Amino acid sequence: MPPTSGPSSRNSNNKLIFIISLIVLILATIISRTTTFIPRLALLASHLATSSHPASTFTSPSTIPTMSSPSYEKELKVAQLAVQRATILTKRVFHEKAKGTVSKDDKSPVTIGDFGAQALIISALKANFPTDEIVAEEESATLRTDAALRDQIWELVKTTKLDDPASEELLGGAIKDADAMLDIIDLGNSKGGAKGRIWAIDPIDGTKGFLRGGQYAVCLGLMVDGDVKVGVLGCPNLPVNDSAPLDAGIGENQTDDEGRGVIFSGVLGHGATSRPLGTGALAEGKPISMKPIKDMTQASFCESVESGHSNQGDSAQIAQKLGITKQSVRMDSQAKYGSIARGAGDIYLRLPTSKTYQEKIWDHAAGDLIVREAGGQVTDTTGKRLDFSVGRTLAENKGVVAAPAAVHDQVLKAVQEVIGQK
């Protein structure tokens, strides 16, 4: 009588099939994630190799490679295209020398480019994510009482579009009329907070740099439950070449001629990229990473042009304490974040000038994420991560310290020693 398979034999076969299936599934998952997972492992290793001790007093979720982080593919593409379209408008205004400048209640200048860029970006976001909230810098009150300025902005908005029809269609196409434009501008009135999906927009970050012909950025970030998930910076006057070093003249007399204009992007858990700014479909991007600092004396640091934005005297003392001999590079806007993220600079300091001033979330959301995804660490001067969950400002933070993860503690210590002397 031939042998028959008993229950134990069948169970063994079933277990073997299950194990083989599980191994195949794991291998398939790893292969499908190779484009993000392996580069992030290599990036992390390159920065840790420069230090024999932990890079920070806490662990940032963005510095740990993960295969489970949402990719936010649609959000990223819409954000990149929305920023690219907005920069077409800002570049038009830039070449017309920012005519139509007005003043806001806080006395900082705002241009027709601010209003126009904000309208175009919000229009794109609402076409794709109608229930998302938006925190934006501008409101239309000035335009509702100034018909000439409104009409000037509307003329720019209605004639600005991407060259690629499919990309323009993805953004929802043209805004209906001038009145619709004003209503769209006012949709950026969210109070922010720790719940839900909220976009933060700075239509022209570095307005004074924009007006003087220096650096500025069109900035867009998506926060989900108070945590930044997607960040995009459009920097029309920065060199496309990621290896081009910063110099003292980068903050003034710049143009968006050929070879300039770059989009920086980051998605939490998926790294950071740069790509040339265009006028149609997105150009091909490439991964970026912060440059490991092997010799602190040769490091360079960025700070704001305006002394009212950052304490430049303290920055000089911190550089001296760290042994840095290079002159600081002063430039406006979140272009500083993008510059250090791709290794053109090393350290970004924004030191408090007032005990009561609170940074705005739209001035930091995108740049903070891009630097962290490029292998950096970003905290305030006390060592706390920037908290985007408490409203329209960084009410729980003071200042900004951004540096490669391996040396962030060293830079932070020097910052605290200088500030603590006061």
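Here are some questions and answers about a predicted model of a protein.

The residues are numbered from 1 along each chain as its sequence is written. Local features need pLDDT of at least 70 and side-chain atom pairs count only at pLDDT 80 or more, while totals for chains, interfaces and linings use all residues; side-chain values use heavy atoms, with hydrogens and water left out.

Q: How many helices and strands are there in the protein?
A: Helices (H or I, at least four residues) and strands (E, at least two) are DSSP runs, numbered from the N terminus. Counted this way, the protein has 13 helices and 14 strands.

Q: What share of the residues of the protein count as buried?
A: Buried means under 20% relative accessible area, exposed means over 50%, and partly exposed lies in between (1.4 Å probe, protein chains only). Of the 422 residues, the buried share is 54%.

Q: Among contacts between residues at least 6 apart in sequence, what share join residues at least 24 apart?
A: A contact means heavy atoms within 4.5 Å. Among the contacts in the protein between residues at least 6 apart in sequence, the share joining residues at least 24 apart is 75%.

Q: Is Gln 84 buried or exposed?
A: Gln 84 lies in helix H3. Not counting residues up to four places away in sequence, Gln 84 touches several residues, including Leu 162, Ile 263, Pro 276 and Leu 282. With a relative accessible area of 0%, Gln 84 is buried.

Q: Which strands stand at the edges of the sheet of five strands?
A: This open sheet has the order S11-S10-S12-S14-S13, and its pairing is mixed. Each edge strand has a single partner strand, so one side of each is left without a neighbour in the sheet: these are S11 (329-330) and S13 (376-379).

Q: Which residues point the other way from Ile 347 and Leu 349 in strand S12?
A: In a regular strand the side chains alternate between the two faces of the sheet. In S12 (residues 347-350), Ile 347 and Leu 349 point one way, and all four residues are buried. Pointing the other way are Tyr 348 and Arg 350.

Q: Which residue in S14 stands opposite Arg 350?
A: On one side, S12 pairs with strand S10 (residues 301-303) in the parallel sense over two bridges, and Cys 302 stands opposite Tyr 348. Three bridges also join S12 to strand S14 (residues 400-404), and these two run antiparallel. There, opposite Arg 350, stands Val 400.

Q: How many nonpolar residues are in the contact of H4 with H8?
A: The axes of helix H4 (residues 112-128) and helix H8 (residues 178-185) come within 9 Å and cross at roughly 80 degrees. Ala, Val, Leu, Ile, Met, Phe, Trp, Tyr, Cys and Pro count as nonpolar, Asp, Glu, Lys and Arg as charged, and the others, Gly among them, as polar. The contact has two polar residues, no charged ones, and a nonpolar count of six.

Q: How many disulfides does the structure hold?
A: A disulfide is a pair of cysteine sulfur atoms within 2.5 Å. The sulfur of Cys 235 is 7.0 Å from the closest cysteine sulfur, in Cys 219, which is too far for a bond. The number of disulfides in the structure is zero.

Methods
Two strands pair if DSSP finds at least two bridges between them. Axes are lines fitted to C-alpha atoms, for helices over the stretch in contact, and angles run from 0 to 180 degrees between N-to-C directions.
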